[in-house]
Amino acid sequence: MKILHFNQRDDGGAGRAMMRLHQGLRANKVESFAFVQVKTSDDEWVSSPQSLIGKLSAKLKLSEHIAHLPLRLYQDKTDGHFSPSFALESPVTVIKERDPDIIHLHWINHGFINIEALAKLHKPIVWTLHDMWPFTGGCHYSNECTAYKNQCGNCPALGSQKENDLSRTIWKRKSKAWKNLNLTIAAPSNWMANCARESSLFGELPIEVIPNGLDTSEFKPVDKKMARQLMNLPQDKHLVLFGAANVQDVRKGMHLLLPALDKLHSNGLKDKIELMVFGAASTQMQDVEFKINSLGRLNDNISLSLAYSAADVFIAPSLEDNLPNTLVESLACGTPGVAFNVGGIPDIIDHKHNGYLATPFEPESLAEGIRWVLQADESHALRINSHQKAEQMFELLSQARHYKKLYDTILAKKTG
């Protein structure tokens with residue numbers, strides 16, 4: 001069995017999830033390859049464009065810039081991510097070279113793969129939903145808009161008041177190009193699966209729930225005292241951790257985390273708590289009363305595991321999220337999480353068992369969750385429960401076996 005994955009890059013949230021699955025499949029004796037627009041790893045089974053236009057496009061982000069040109073027509077567009085999906089190159093050549101049994105799509109935006117190109121692949125396709133874009137008119141998260149259940153238009157993400165706007169055009173392109181695809185959908189969370197089932201584009205397709213996996217031999221608890229010592233962090237403070245690839249993304253909820261921290265400060269915890277932050281720096285953090293330990297970008301598993309293990313609690317105040325890698329990684333390292341009860345997060349956090357599910361978008365509830373974890377009588381049990389949940393639900397080889405079974409089923413139908 002030969003699987004060819006497509007993801008715009010081999011790092012970032014979707015890229016890390018794709019690479020973990022790819023490595024898990026190879027460990028399960030599956031011939032797994034990946035093709036990305038931007039390659040940062042040294043994995044010999046991962047390739048990237050070799051043509052001059054492909055290399056220039058990746059280096060100068062030509063495809064990304066061209067793909068986003070239509071958005072200039074929408075001056076009232078929100079800060080949410082929206083992708084029209086136009087691309088300079090086609091994936092057909094690499095498919096002919098690899099001749100896979102199944103094509104596995106992941107995150108294909110930023111000018112990586114054109115909507116119409118999927119109809120030319122002529123192979124069974126599995127598509128893992130890392131966000132909502134595959135079944136919307138262009139937004140990656142709908143922000144409670146339900147127009148994707150019909151055919152989009154009047155798009156709030158575009159600030160549009162027109163029915164036949166760019167989102168309707170993109171929806172029509174998808175509907176026409178993907179009508180006869182041999183397509184199976186995989187959703188990392190129950191929430192994402194339910195959204196896909198309710199969508200007009202994917203509602204009739206087979207949809208499987210397969211959580212993202214990670215290697216729990218790499219992401220595992222490290223002695224807290226040693227982790228803090230190695231990262232030059234204080235031993236006598238409660239350490240609250242927050243991090244994301246882009247902490248300034250509004251969807252990640254930092255604007256709700258800050259008032260939650262202010263409430264902890266006003267409740268007499270100022271001298272007992274310090275904040276740890278990884279990811280791109282944010283000027284908003286300068287107004288926080290707590291001391292901030294800025295960890296910068298953490299791109300390797302060892303540094304991430306040390307950061308999670310050093311913390312007492314990890315905060316994920318997302319407004320919408322699928323199955324955030326950071327929260328799963330934190331639990332694997334034995335650190336409980338606090339997050340709003342939204343999206344796929346209830347698949348990860350069991351309330352007051354391995355963390356705390358706060359009332360959506362209420363800083364007071366988020367602060368109460370942080371306080372509850374920090375003052376829990378059974379904090380050791382919380383850490384054990386967190387690690388056990390990761391081992392039971394998100395272990396990499398289990399995920400790979402689940403996908404292998406799905407591939408087998410698809411190929412059996414093809415030959416049957």
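A search of the whole structure finds zero disulfides, a disulfide being a pair of cysteine sulfur atoms within 2.5 Å. In general terms, a disulfide is a covalent bond between the sulfur atoms of two cysteines. Take Cys-145, which is in no disulfide; the nearest cysteine sulfur belongs to Cys-155 and is 6.5 Å away. And what about Cys-155, how far is its sulfur from the closest cysteine sulfur? That distance is 5.9 Å, to Cys-139, which is too far for a bond.

Before I go on, a word on what we are looking at. This is a predicted model, in which local features need pLDDT of at least 70 and side-chain atom pairs count only at pLDDT 80 or more, while totals for chains, interfaces and linings use all residues. Residues are numbered from 1 along each chain as its sequence is written, and side-chain values use heavy atoms, with hydrogens and water left out.

Cys-155 is buried, with a relative accessible area of 7%, whereas Cys-145 is partly exposed, at 23%. Here buried means under 20% relative accessible area, exposed means over 50%, and partly exposed is in between, using a 1.4 Å probe and protein chains only.

Now the overall picture. The protein chain has 13 helices and 13 strands. Helices (H or I, at least four residues) and strands (E, at least two) are DSSP runs, numbered from the N terminus. The C-alpha atoms fill a box of roughly 60 × 50 × 40 Å along the principal axes. For 416 residues, a compact globule would have a radius of gyration near 22 Å, and the protein chain agrees, with 22 Å. That radius is taken over C-alpha atoms, and the globule rule is 2.2 Å times the number of residues to the power 0.38. Of the 416 residues, 56% are buried. Among contacts with a separation of 6 or more, 67% are between residues 24 or more positions apart; contact means heavy atoms within 4.5 Å.

In α6, residues 190-198, the buried residues include Met-192, Ala-193, Cys-195 and Ala-196. Why do they line one face of the helix? Seen down the axis of α6, the buried residues fall within an arc of 160°, so they line one face. The arc is that of the directions from the helix axis to the C-beta atoms. As background, an α-helix has 3.6 residues a turn, so residues three or four places apart point the same way. The buried residues of α6 pack against β6 (183-187) and β7 (207-209).

Helix α10, residues 325-332, is mostly covered, with eight of its eight residues buried. Among them are Asn-325, Glu-329 and Ala-332. After α10 comes Gly-334, whose phi is positive, near 80°.

On to charges. The structure holds 15 salt bridges, a salt bridge being a side-chain nitrogen of Lys or Arg within 4 Å of a carboxyl oxygen of Asp or Glu.

Arg-228 lies in helix α7 (residues 224-230) and Asp-312 in the loop between α9 (301-310) and β11 (313-316), so the pair ties together parts that are 84 residues apart in sequence. Both Arg-228 and Asp-312 are buried.

Another salt bridge joins Asp-321 and Lys-252, with the closest N and O atoms 3.1 Å apart. This pair links distant parts of the chain, 69 residues apart: Asp-321 is in the loop between β11 and α10, and Lys-252 is in the loop between β8 (238-243) and α8 (254-269). Asp-321 is buried at 4% relative accessibility, and Lys-252 is buried at 17%.

Asp-408 and Lys-404 form a salt bridge too, the closest N and O atoms being 3.5 Å apart. They are four residues apart in helix α13 (residues 396-415), which separates them by about one helical turn. Asp-408 is partly exposed at 35%, and Lys-404 is partly exposed at 28%.

Asp-347 lies in the loop between β12 (337-340) and β13 (355-358).
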